Amino acid sequence: MPSALYAFEPTGRRAGNRVGAARRSWSVRHARLLEFLYCRFERVLIASGLVLRWIGFDRLEAPVASIERAVKGALFDCRMCGQCILSSTGMSCPMNCPKGLRNGPCGGVRPDGRCEIDAEMPCVWVMAWEGSLRMRCGDRIRQPQIPIDHRLKERSSWLAVSRGEHALDGGESGS
Amino acid sequence: MNQPQADVARHLDAAQFEAGQVSAGRLEHVLRRGEFAVTAELDPPDSADPKDVFDRATLFGSAVDAINATDGSGANCHMSSVAMCALLIRAGYEPILQISCRDYNRIAIQGNVLGAAAMGVSNVLCLTGDGVQAGDHPEAKPVFDLDSVSLLGAIKRMRDERMFLSGRKITSPPRLFLGAAENPFAPPFEFRPLRLAKKVAAGAQFVQTQFCFDVPMLRAFMERIRDLGIDQSCYILVGTGPLSSVRTARWMRRHVPGVHIPDSVIARLEGARDQRAEGRQLCIEIIQEVREIPGVAGVHVMAYRQTQFVPEIVHESGVLKGRAGGMHCPAIGASSD
Ligand code: SF4
């Protein structure tokens, strides 16, 4: 089952971290560009809401989710939590934090900025902070995030955006 | 696009300083009165004997305002925080319930909060929790359903809006003084104060920090805290504790997540004839220095396996200024079975 490979679970150390960490460090270094592209993309998603509704969101769910998984997996090492907040986390996917923290780093970050749990991995939130400094709307990192909804795991957050359920930036008001 | 900033600021303004005390507890009362508060951590027993809790609490004498009942600290299994709180209340002490996101989901947490409040708990400290790999059950499933910020929000909602996260009504809300932890000594340093602001916005009314062995670093942190006005809406208690030897210091540096001990401290212990006494002296000096930093409202003493020295440390530091801490009731505490 491919989903098991990507599913987010706060279970500590996970295989494949090294490749993922390299991807994440790339996306954080290009946070500004990605932010720009994401803002554009979000507008497209919202604008195409009616068309997508006409085709049927249910029918689109599986194919769109797999495209989203492939694209965001490659760019951000995305874990498909289904409620994307990348724009509020400096383009560093917070679901790669072994504790699944969505509001900032824990108190255990090592002096060299690596993760308390996985000494090989840079802390997701140290990267998130660096990314947010590069972004135009990096201040969004200051916004408190609500608890994650575990039912949305593996679902497409792009479709959720075009349904008007949440914004790609995780903010209530959209961008 | 500075919506988030506005959000945080609005919450900071709406702090409940003037609104009166939210809990019936001593800790909140002491802090609101502007006294320098002292809290301490109780070593949790690995037993089912209540006497073990009473005996340890007695060691604090009248030196502390509230006692932290740790919740599986370091991811090691001990008596539960809720149970220790209940026992401490029975013996006349004021406990601080600790909840770590590592071990429970939102259903268990909210149930525990109601139960603890029903038993008379007035304070709760919301923590992320160390990873399971740090403790004696590294094979356990880490839960982390909520994080410390959303945990604060959940309990605040239970208290102020009288409802569970689900929106279901609570008939009698828990009156709790809400606390959080922060580590000014771990990266990303510039983000730490903003993260604390997030916690305050989510509901934190007091903060206990990680061990402070580096006062200049704390000063820099506090400066930023004052710039952001966080000290105006949240009481900050600085974590301290005596190091028993240079070996312990080195061990902590390597094995306890998030503990920063500068080389100068190691060198000072190493050069001392009586390392244990030097560790206590250092702790006293740090308490005295920290007390002078504007915005610091108290200290939190973590004296693992050195609880008996806590009264001495607190009294010698002079922070209580002659006032008696504690809700110590010797009649109950000493004679309990
Ligand atoms: S150190 Fe960073 S990545 Fe690791 S558990 Fe803590 S917050 Fe998550």
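Me: Which residue forms a salt bridge with Asp149(A), and how far apart are the closest N and O atoms?

Reply: A salt bridge is a side-chain nitrogen of Lys or Arg within 4 Å of a carboxyl oxygen of Asp or Glu. Here Asp149(A) pairs with Arg151(A), with 2.9 Å between the closest N and O atoms. This is a predicted model, where local features need pLDDT of at least 70, side-chain atom pairs count only at pLDDT 80 or more, and totals for chains, interfaces and linings use all residues. Side-chain values use heavy atoms, without hydrogens and water.

Me: Is Arg151(A) buried or exposed?

Reply: Buried means under 20% relative accessible area, exposed over 50%, and partly exposed in between (1.4 Å probe, protein chains only). Arg151(A) is exposed at 69%, and Asp149(A) is partly exposed at 22%.

Me: What is the relative accessible area of Arg24(A)?

Reply: Arg24(A) has 0% and is buried. Its side chain meets that of Asp77(A) in a salt bridge (2.6 Å, N to O). The pair links distant parts of the chain, 53 residues apart: Arg24(A) lies in helix α2, Asp77(A) in the loop between α5 and α6. Helices are DSSP runs (H or I, at least four residues), numbered from the N terminus. Asp77(A) is also buried, at 6%.

Me: Which residues are linked in a network of salt bridges?

Reply: In chain B, Arg26(B), Arg33(B), Glu35(B), Asp65(B) and Arg323(B) form such a network. Elsewhere in chain B, Arg268(B) and Glu285(B) form a salt bridge at 3.0 Å, N to O. Arg268(B) is partly exposed at 28%, and Glu285(B) is partly exposed at 26%.

Conventions: Residues are numbered from 1 along each chain as its sequence is written. Chains are lettered from A and ligands numbered from 1 in the order in which they are written. Helices (H or I, at least four residues) and strands (E, at least two) are DSSP runs, numbered from the N terminus.
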